[in-house]
Amino acid sequence: MNEKKTSSLNPPSKEELPSTLTNFQRKEYRKIDFLLIAAGFLLITPILSVHRVTDFMIFCIFAMSFDLLYGYMGRLSFGHMLFLGTGAYSCGLFIKYVSGNPLIAILVGIAVAGLLGILLGLIIVRTTGACFALINLAFNHIGFFLVLSPLREITRGEDGFGVSASKLGFLNFSSRPIMFGSVLLCLLLVFYLLKRLTSSPFGIMIRSIKEDETRVRFLGYNTFLYKWITFVLAGSLAGLAGTLSALNYNYVNPNSMDVHSNVGVVFACLIGGAGNLYGALVGGVVYMVISNFLPIYIHRWEMFLGFSLLIITFRFRKGICGYLLGLWEHGAKKRLIERSAEQGVAKI
Amino acid sequence: MPEILAAEGLSKHFGGLIAVNKVNLSIKKGEVAGIIGPNGSGKTTFFNLLSGFFPPTEGRMFLFGEEITHMPPYQRVMKGMVRTFQLVSVFNSMSVWENLVLSGIRFKERYTSARKFFFLSTKDDEIQENCLKALRLVGLESHASTLTSELSYGSKRLLEIGIALSLNPKLLLLDEPLSGLSDVEISEVLNLLHRIKSDLTLVIIEHKLSKIVNLVDRLCVMNEGHIICEGNPNHVLCDPSVRECYWGKEEIDQGLLQEKASA
């Protein structure tokens, strides 16, 4: 009975097995993924506007960094905006007080966010579940009030300050198409980096930590280190998104560190499908479309976010991408069963 | 024979409850030791102490002559002590071969370098070959790309042992490897254990006494946190105090008869 089940549900014979494994091999770094993503964003540009799509892409970078933490490592953070804000502020302050070079400013933004991740990670990463979410929230609040009042002298408090990066040859970030191109490039780079990371042993490591951290410790790994690395990585990438948004708006204000904006990124990950980079991209775009256009037609548009979240949690647990992927896999499995059944008949 | 693992006066208190009470135990290289005892006698707690799941209240532990009392679990694994869990713990959301990636590369330095660990695809031929080799050992190679949650409980148990074995342990602690399995699955696991026992040192916790009597060289009986008897299996089974705590006074003779018959 058991054997029969095996042969119908799984790749049938032992000799075929290595080839079934290598069949998946080509799935990994398809160039077409990058083309599709770029084409997708380019296609929606004429419908919306260049500035808006740039904003969407920045949010997608942020959503992917959040997905690394939440979707892959299973640590829900309610304070991820802290790193976005840190990136935005350090980039803005660097341009304002030190030098107008935008590339160095971006690097500074990433570095400061990463450094903050290193320091806070030492404390935050030790916790899990609700505790993790709330400690992040607490630090986010601290950051928010820090830029709002004690550091008012340099951050200009609620008013924020303008950021005008100087030109670097053709790299003029105040030109919309150049900004669009650079952000798209950053998005593709981040996507590539995360794709590589999540399909390496490290990817398996963080997914294992999500499922059962104790077990990973008994495989001989110091899980703290890997959680820390993931946290710092997610923080730095959020910092990158922050620097880009500062350059895109030419403006930094405390909104970039607003605790409430965390809802957006959690929502984006859920709607697209957590634990899936395409999910973060799709979710990011869907969320941005909703939050940009729904308010024009409906006054209390957040209510619809609530409703759709209900639908997602009850009907589409794995989000849009997860659902579509599930359908596709279901179909593939069905075909496999049919094929092996045919073969079985032929053999008999 | 050299001593691999030694526990000296190991105790664990949970509030007022003394789960493990001043246990002394030494495991010699190459032997198969069984730890038996009724429910709640502290067997699993003792294992948790040995593997570093939590620290002991008092006492010390030595692995290969080196003190490991306060060593975190992952370092103990690096020293060659690997354990399995009473409730099967495998990663259900991944496919079977992915379960073996982390353990398979743990002791391969060329893979634990940062560049490889973070950026090498797990579809790499050598990693895959590693996983398949480990799966072949436990007879699960035909399930390599199945989702782990679709495996039967027995197969998951085999997979868990496979994961432990792919860490190249010198000392393997098995926590009730036969619990919850059907007879066929039990014989599969026992076959596997018989095959591997010549290469490493095994410590097995088990309820199903009759099944492991032929496997173990030495039997320790725990009751209420103490080791009440240890030695040759046949000798231990005839010990009156063991029979009393295990079967109760009334059923002594019947129990022994059944035991002999099934052995």
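In which loop of chain B does Glu176(B) lie? Glu176(B) is found in the loop between S7 and helix H9 (183-196) of chain B. The model is predicted, so that local features need pLDDT of at least 70 and side-chain atom pairs count only at pLDDT 80 or more, while totals for chains, interfaces and linings use all residues. Residues are numbered from 1 along each chain as its sequence is written, and chains are lettered from A and ligands numbered from 1 in the order in which they are written. Helices (H or I, at least four residues) and strands (E, at least two) are DSSP runs, numbered from the N terminus.

- Glu176(B) has a phi near 45°, a positive value in a residue other than glycine.
- Glu176(B) is buried, with 20 other C-beta atoms within 10 Å; the term buried applies at 20 or more such atoms, exposed at 12 or fewer, and partly exposed in between, with C-beta atoms placed from the backbone.
- Asn168(B), in the loop between helix H8 (153-165) and strand S7 (171-175) of chain B, has a phi near 50°, also positive in a residue other than glycine.
- Asn168(B) is partly exposed, with 15 other C-beta atoms within 10 Å.

**The sheet of chain B**

- Four strands form an open, antiparallel sheet in the order S2-S1-S4-S5 (chain B), where two strands pair if DSSP finds at least two bridges between them.
- Strand S2 (17-28) and strand S5 (66-67) of chain B are the edge strands, each pairing on one side only.
- Strand S1 (residues 3-14) of chain B is joined to S2(B) by 8 bridges, and Phe14(B) has Leu17(B) in S2(B) as its bridge partner.

**A helix pair in chain A**

- Helix H4 (residues 50-72) and helix H12 (residues 223-249) of chain A pack at an angle of about 170°, with axes 8 Å apart; axes are lines fitted to C-alpha atoms, for helices over the stretch in contact, and angles run from 0 to 180 degrees between N-to-C directions.
- H4(A) is therefore roughly antiparallel to H12(A), a term for angles over 145 degrees.

**Contact between the chains**

- The contact takes 29 residues from chain A and 33 residues from chain B, counting residues as in contact if their C-beta atoms, placed from the backbone, lie within 7 Å.
- Helix H10 (201-211) of chain A is one of the elements that give two or more residues to the side of chain A that touches chain B, and H10(A) provides the largest share of that side, 7 residues.

Key:
Angles under 35 degrees count as roughly parallel, over 145 as roughly antiparallel, 65 to 115 as roughly perpendicular and the rest as oblique. Two residues are in contact if their C-beta atoms, placed from the backbone, lie within 7 Å.
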